[in-house]
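Please examine the sequence and the three-dimensional structure shown below.

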Amino acid sequence: MDDTVCRKYSPNTEMACYNYSSTQGKILSHDYVTSVYHNDQIKIPDNIKLYGSKKKCEQKKVPFKTKIELACEIIDEHTPLTKQTIMHWDSWYTCSEVVKHCKDRGYRWIGDIKSNRVVYYQGEKFALSNLYDLLCEEGKFVDVVVNGELFLVCGVKVYVAEIGDVVILINVKAGTRDLHFLCSDLLELSVFEFLEMALKRHVIEEVHKEVKALGLGEYQFQRSEAALIHAHLVCLAFVLLYILRLRLLRYGTKKTLLTTDAAVKWVRGQAGGMFVHMIRESKESTKSLLWRINTK
């Protein structure tokens, strides 16, 4: 799960408020809380909900829901497709409410966690940043290779207030200062298995990028219902294109899996060819054909 923002330009747009974007800073936007279903074969949007500030919700006369509450709704509405479901989210959603909803549904979870969070390790209280320093001094980090890339990794079991007993995985990509803290109830995993699973979180960012390329935020509706319908239709288009990409590969039409952009171009090419063929075979007058294709 994660959220993504789509920039808006009119303060009169329903549910448009100032949200933080990692690339653009604080901007007037629609903020969608989303989930993506991912396994070894597929990655598709699973759910999408529109967040609005308390002020915007009061203006529209609808109940205000925080992003945490929307995330909990997404968890409750998810239909499991496998025996084991593992939810993965960023540090914003690593809280007791989200964890409880996972536990109630029998799901396991992995979440990013901020370096200033307090944990209890071997009976002592630490901020995670201080625990990292201690583990470095004790030489607890080991080399782990995942997908050909080297990481320095350390996994320890700790207690987090209101969440319970968890495992913390601290990892940094070799040759960088890209330090990450991860938290999970998957106490039985090795550090390699934990890191390998955690690195799959990039999938939701890839899906966000691709649905935005398909036009997720490209609308000028004032009504929030229309914006949400548009968002669902774009996600549906992404799913249909994903199915097409898999079938083109399966039936040998393409030798490699097309990107979403390449699949869109392929569809346009096929549609253009069919249109030209229809024009050539048509016995209607030129005037009648022009009337048919008039899009005004």
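A search of the whole structure finds one cavity of 30 Å³ or more; a cavity is a set of points, on a 1 Å grid over the protein atoms alone, where a 1.4 Å probe fits but cannot get out. The largest cavity holds about 70 Å³ of space, a volume being the space filled by probe spheres set on the points, which are joined across faces, edges and corners. Its lining residues, those with an atom within 4 Å of a point, include Ser-35, Pro-45, Asn-47, Val-207, Val-211 and Cys-235. The elements β3 (25-38), β4 (43-51) and α6 (202-213) each give two or more residues to this lining; helices (H or I, at least four residues) and strands (E, at least two) are DSSP runs, numbered from the N terminus.

This is a predicted model, in which local features need pLDDT of at least 70 and side-chain atom pairs count only at pLDDT 80 or more, while totals for chains, interfaces and linings use all residues. Residues are numbered from 1 along each chain as its sequence is written, and side-chain values use heavy atoms, with hydrogens and water left out.

One of the lining residues, Ser-35, belongs to strand β3. Is Ser-35 buried or exposed? Ser-35 has a relative accessible area of 5% and is therefore buried, a term for values under 20%, with a 1.4 Å probe and protein chains only. Beyond its neighbours within four places in sequence, Ser-35 is in contact (heavy atoms within 4.5 Å) with Met-1, Pro-45, Asp-46, Asn-47, Ile-74 and Ile-204.

Attention now turns to the nonpolar cores. A nonpolar core is a set of buried Ala, Val, Leu, Ile, Met, Phe, Trp, Tyr and Cys residues joined through side-chain atoms within 4.5 Å. The largest has 36 residues, of which Trp-89, Val-98, Trp-109, Leu-131, Val-158 and Ile-168 touch the most other members. Among the elements that each supply at least two residues are α2 (67-77), α3 (96-105) and β10 (149-160). The largest share, six residues, comes from α2. A second, separate core of 17 residues includes Met-15, Val-207, Val-211 and Cys-235.

The buried residues of α2, including Ile-68, Leu-70 and Ile-74, pack against β1 (2-7), β3, β4, β5 and α3. An α-helix has 3.6 residues a turn, so residues three or four places apart point the same way.

Finally, β9 (residues 142-146) and β10 pair in the antiparallel sense over five bridges; pairing requires that DSSP find at least two bridges between two strands. Val-142 has Val-153 of β10 as its bridge partner.

Definitions and conventions:
On a 1 Å grid over the protein atoms alone, a cavity is a set of points where a 1.4 Å probe fits but cannot get out, and a pocket is an open set with protein on both sides within 12 Å along at least five of seven lines; lining residues have an atom within 4 Å of a point. Buried means under 20% relative accessible area, exposed over 50%, partly exposed in between (1.4 Å probe, protein chains only).
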